Amino acid sequence: MLLTVLSGLIFSIVLIFFGRQFKAKWSILLPILPTLLFLYFSTQIPIISTGKSLVQHIDWVPTLGVNFDFHLDGLSLLFSLLITGIGACIFFYGRAYLKGHPYFDRFFGYLLLFMSAMLGVVLSDNLLLLFVFWELTSISSFFLIGFNNDNADSRKSALTALSITGFGGFFLLLALVLVGNIAGTYTISELIDQRNLILNHQQYPLIIGLLFVGAFTKSAQFPFHFWLPGAMKAPTPVSAYLHSATMVKAGIYLLARFTPVLGGHEYWNTTLLFVGGITMLYASIHSLFRIDMKAILAYSTISALGVLTFLLGVGTLEAMIAAAVFILVHALYKATLFMVTGIVDHETHTRDITVLSGLRKVLGPVAVAGILAALSSAGFPFLTFGFIGKDLIYEATLNYNLPEWVWILTGAAVMTNVGLVAAGFMAGIKPFIGELPQAFEKVHLPYKSMWIPPLLLALLGIVFGLLPAVAGDFITNAASNAIWGNDTSAHLKIWHGFNTVFILSLVTLVLGTIVFLINKPSQAKLQAVEKLNSISPQRIITGYANDIIRFGQWYTNIFHNGYLRSYHLKIILFAEALLAYRLWLSGPSKLDVWSLTYPDMYEVAIVLILIGAVYIVVTAASRLTAVVAMSVIGYCICLIFVIYSAPDLAMTQFTIDTLTTVLFVLVLYKLPPFVNLTSNTVLVRDALVAAGFGIILSLVAFKVWSEPISTEISDFYGENAYLLAKGKNVVNVILVDFRGIDTMFETVVLSIAALGVYSLIRLRLKSSEKE
């Protein structure tokens, strides 16, 4: 499984070196990888359908609990088939859609990277590995959404999407770390055994709250939904892939995956019910006012994601099966409608449904795909897979375990689906019916590789609708074993009898059709709705984001103003405050002054020389004089090291101090004398700060002196330096082995600083035109 996850990443790296060839004669190879992966996962269906699962473990950083652990069960296989199957269609489609684009190879490099990231998310069986791939989906989608980087709106949409999903990723990491620490394992499949421990832990509400933020931001739940319509600035293949079947369903996958571990609790179910319910109703209504086909599909996608969250909140077996079926239903018809939208835009150069009509006469196969997808979205009875999906949704709400909530939940589901029926007809049927405008008479079918994939997906929606057992047993297994946690003998079928569920499905279809017929979207209606943007979640969250930016600017101007003396002052003041606070907490110090020995004459002489050198440094009018005085201070410290039996430190200090003095002299000897630009007030302030720092350090020294001597640390290093590190010099062993990582980063910092200095030395600024 590791190879299947990394294959897209490897292929994307290949494109870096052979991108020019893939733009031309090798482009046919691009869809091969997702197709082969789809075939591989398809061969696993018979195994997974029996309730078995596949596991792979490869050590990565075992000491931190981070390993390449992969787990293929019903849920992850369902998503893997969607990622690779619809991905293969998108690769065929995108190859023709972007033919001749200057960044053709770059686009497919990003798309392959995203496919790998999504496979990593759904196959990961390690919490931290899941997070790594989770963030990789955000990064790769950022490049895809902002692919048209010469467009300001595309750049803004990409940054918005990255900011929202990245914000959620931070909270998700906290949730995953908390779960792993409480359960004592970072292996997801092992968490189910610790379910009771996690549910009864006092941090359970915090964990699910953090997890919800991560899932809701990724799957565009209210109030974080607004990034998804903005992401429609991406090329249509991106919208068809990321925003119908893959990225936006990552949050749904996360919630489904953790339902057996964290679900079943009142907090979990109630939150998902309310958030999902609000999202599906809000977005369903908004989709009716849109005139851009991609905007209609964007809001209907948000609504569908709300439905899935809503079903996970219902939490019954019927709801889990309904969610699993609807994941496939939605992916098939929504990917089709997005690709149909792309074809219409590609050929007519508009997506405005107020001017599109009659395109069935020039885009016959595309019209068939769009109409079939719209019917599946509407749940047309006895023909489409969407009919079975809607039946299951109503069955789940009608069998909710709180009778007083049954009709409220069912009513919300009906209202949502009415809007989705109308939205599907607006995007999938409206452009193809009516008279063909003269402006579109010369429109013709695009390449076959553009219209065959959406037609194939639309036909699959019909095949699964007529023969639900083809995918039904596998899907019910995915829901029962992976999400619900128990086996079930439920099977999908077309006819469940003339009952309340069937009546609700017919009512939904009729009302949705009526809404479609009487609803006349227009620019005026859209502008009227947009007047409410002042209270929209986007405006509110954007306002907070702007406040954060303003605060960051203020903070930067105060604390990072570019003056080295200002940085030194703030650092020293912070250190003084921190040390003073710690000293105050530690209580009074007790020092037996009678146990102290009198200083020898040479010690007194060294101290007096130090004081004199310090006075010269702070009062010198010449840089060279100050440098020489600083070297005197360094040599006095060398003598102190020698006196107290630390010759190795003395030699180090001597070498460094000598080298520093030489370098300073070489650099500063040509500079002019000091110019006194500092006021007396500033001098007094600096003197007080310096004196305070010295006093606090002296108090710290007295505090250390008064503490009882403990040799545990020195004994440890003395006993283990040779045994563990094979070194006889304890100091060297500490630096190289016990502090190896710290020393490595110090070396990296010095290397970066050296590169910076070298860059400045080599810098050659161009003269301005005026000069």
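**Stop 1: Leu78**

Select Leu78, which counts as buried because its relative accessibility is 4%; here buried means under 20% relative accessible area, exposed over 50%, and partly exposed in between, with a 1.4 Å probe and protein chains only. Leu78 belongs to helix α4, residues 74-97. Helices (H or I, at least four residues) and strands (E, at least two) are DSSP runs, numbered from the N terminus. Not counting residues up to four places away in sequence, Leu78 touches Ala324, Ile327 and Phe474, a contact being heavy atoms within 4.5 Å.

The model is predicted: local features need pLDDT of at least 70, side-chain atom pairs count only at pLDDT 80 or more, and totals for chains, interfaces and linings use all residues. Residues are numbered from 1 along each chain as its sequence is written, and side-chain values use heavy atoms, with hydrogens and water left out.

**Stop 2: the whole protein**

Along the principal axes, the C-alpha atoms fill a box of roughly 110 × 70 × 50 Å. Of the 771 residues, 47% count as buried. Where contacts join residues at least 6 apart in sequence, 78% of them link residues at least 24 apart.

**Stop 3: the hairpin**

Select residues 54-61 (strand β1) and 66-72 (strand β2), which pair in the antiparallel sense over 7 bridges; two strands pair if DSSP finds at least two bridges between them. Asp59 stands opposite Asn67 in β2. The two strands form a hairpin with 4 residues between them, and Gly65 in the turn has a positive phi of about 75°.

**Stop 4: the loop between α10 and α11**

Move to the loop between α10 (204-218) and α11 (227-230), where Pro223 is found. Most residues other than glycine have a negative phi, and most peptide bonds are trans. The peptide bond from Phe222 to Pro223 is cis, with omega near 5°. Ala220 lies in this loop as well. Its phi is positive, about 55°, although Ala220 is not a glycine. Ala220 counts as buried, since its relative accessibility is 0%.

**Stop 5: Ser287**

Select Ser287, in helix α14 (residues 266-287). Is Ser287 buried or exposed? At 0% relative accessibility, Ser287 counts as buried. Leaving aside neighbours within four places in sequence, Ser287 is in contact with Ile296, Tyr299, Ser300, Gly419, Ala423 and Met426.

**Stop 6: helices α15 and α16**

Select residues 293-314 (α15) and 317-348 (α16). How do the two axes cross? The axes come within 10 Å and cross at roughly 175°; axes are lines fitted to C-alpha atoms, for helices over the stretch in contact, and angles run from 0 to 180 degrees between N-to-C directions. The helices α15 and α16 are therefore roughly antiparallel to each other, given that angles under 35 degrees count as roughly parallel, over 145 as roughly antiparallel, 65 to 115 as roughly perpendicular and the rest as oblique. Show side chains at the contact: among them are Leu297, Ala304 and Leu311 of α15, and Phe326, His330 and Leu337 of α16. The contact residues divide into 18 nonpolar, 4 polar and 2 charged. In this division, Ala, Val, Leu, Ile, Met, Phe, Trp, Tyr, Cys and Pro count as nonpolar, Asp, Glu, Lys and Arg as charged, and the others, Gly among them, as polar.

**Stop 7**

Select residues 623-643, helix α27: its 21 residues should span 30 Å at 1.5 Å a residue, and its end C-alpha atoms are 31 Å apart, which agrees. The expected span is 1.5 Å times one less than the number of residues. Buried residues in α27 include Ala626, Ile633 and Cys638. The buried residues of α27 pack against α26 (601-619) and α28 (647-668).

Continue to Ser645, in the loop between α27 and α28. Phi of Ser645 is near 60°, a positive value in a residue other than glycine. Ser645 is exposed, with a relative accessible area of 65%.

**Stop 8: helix α29**

Finish with residues 680-706, helix α29, which has 27 residues and reaches 39 Å from its first C-alpha to its last, close to the 39 Å expected. Its buried residues are Val689, Gly692, Ile696 and Lys703. These buried residues of α29 pack against α25 (564-586).
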